[in-house]
Amino acid sequence: MARSTDRSIQNISRAIKECEEQKLVECITPEKHTWKKYMLTDQGHHVLRELEKHKMI
């Protein structure tokens, strides 16, 4: 993700942590220390649909 968005790994990690705190994403591999996998929560899907609806993404 960092490479494809031209952002630092630290920047992406911070953003994911904020999304996790807001209950927008959920870690599906919490036992791993690196290369964790995340998925959108129901709330995350709702926010994504709203952003798309308003052509914000």
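Does Lys 53 count as buried or exposed, and at what relative accessibility? In this predicted model, Lys 53 counts as exposed, because its relative accessibility is 55% and exposed residues are those over 50%.

The secondary structure of the protein chain consists of three helices and two strands. Read from the N terminus, these elements follow the order α-α-β-β-α. The C-alpha trace spans about 35 × 25 × 15 Å along its principal axes. The accessible surface amounts to about 5300 Å², and carbon and sulfur atoms contribute 54% of that area. Of the 57 residues, 14% count as buried. Among the contacts with a separation of 6 or more, 0% are made by residues 24 or more positions apart.

Helix α3 covers residues 42–53. Lys 53 forms a salt bridge with Glu 50, and the closest N and O atoms of the pair are 3.5 Å apart. Whereas Lys 53 is exposed at 55% relative accessibility, Glu 50 is partly exposed at 29%. The count for the structure comes to one salt bridge.

Gly 44 is also found in helix α3. With a relative accessibility of 6%, Gly 44 counts as buried, because the limit for burial is under 20%. The C-alpha atom of Gly 44 lies 4.0 Å from that of Leu 24, although 20 residues separate the two along the chain. When neighbours within four places in sequence are left aside, Gly 44 is in contact with Lys 23 and Leu 24.

A further residue of helix α3 is Leu 48. This leucine is partly exposed, with a relative accessibility of 31%. Together with Leu 40, Met 56 and Ile 57, Leu 48 makes a nonpolar surface patch of about 380 Å².

The loop between β1 (25–27) and β2 (38–40) contains Thr 29. At 11% relative accessibility, Thr 29 counts as buried. Residues up to four places away in sequence being excluded, Thr 29 touches Trp 35, Lys 36 and Lys 37.

The cysteines were examined for covalent links. A disulfide is a covalent bond between the sulfur atoms of two cysteines. A search of the whole structure finds zero disulfides. Cys 19 is in no disulfide, and the nearest cysteine sulfur, belonging to Cys 27, is 13 Å away. Cys 27 is likewise in no disulfide, the sulfur of Cys 19 being the nearest one at 13 Å. The pair does not qualify because the sulfur atoms are 13 Å apart, whereas a disulfide requires them to be within 2.5 Å. As regards accessibility, Cys 19 is partly exposed, with a relative accessible area of 29%, while Cys 27 is buried, with a relative accessible area of 13%.

Conventions
Residues numbered from 1 in each chain as written. Predicted model: local features only at pLDDT ≥ 70, side-chain atom pairs only at ≥ 80, totals over all residues. Heavy atoms only, no water. Patch = residues over 30% accessible without salt bridge, like charges linked within 9 Å, V, L, I, M, F, W, Y side chains within 5 Å. Areas by Shrake-Rupley, 256 points an atom, 1.4 Å probe, with all protein chains shown as cover. Salt bridge = Lys/Arg side-chain N within 4 Å of Asp/Glu carboxyl O. Helix = DSSP H or I, 4+ residues; strand = E, 2+ residues; numbered from the N terminus. Buried < 20%, exposed > 50% of the residue type's maximum accessible area, 1.4 Å probe, protein only. Contact = heavy atoms within 4.5 Å.
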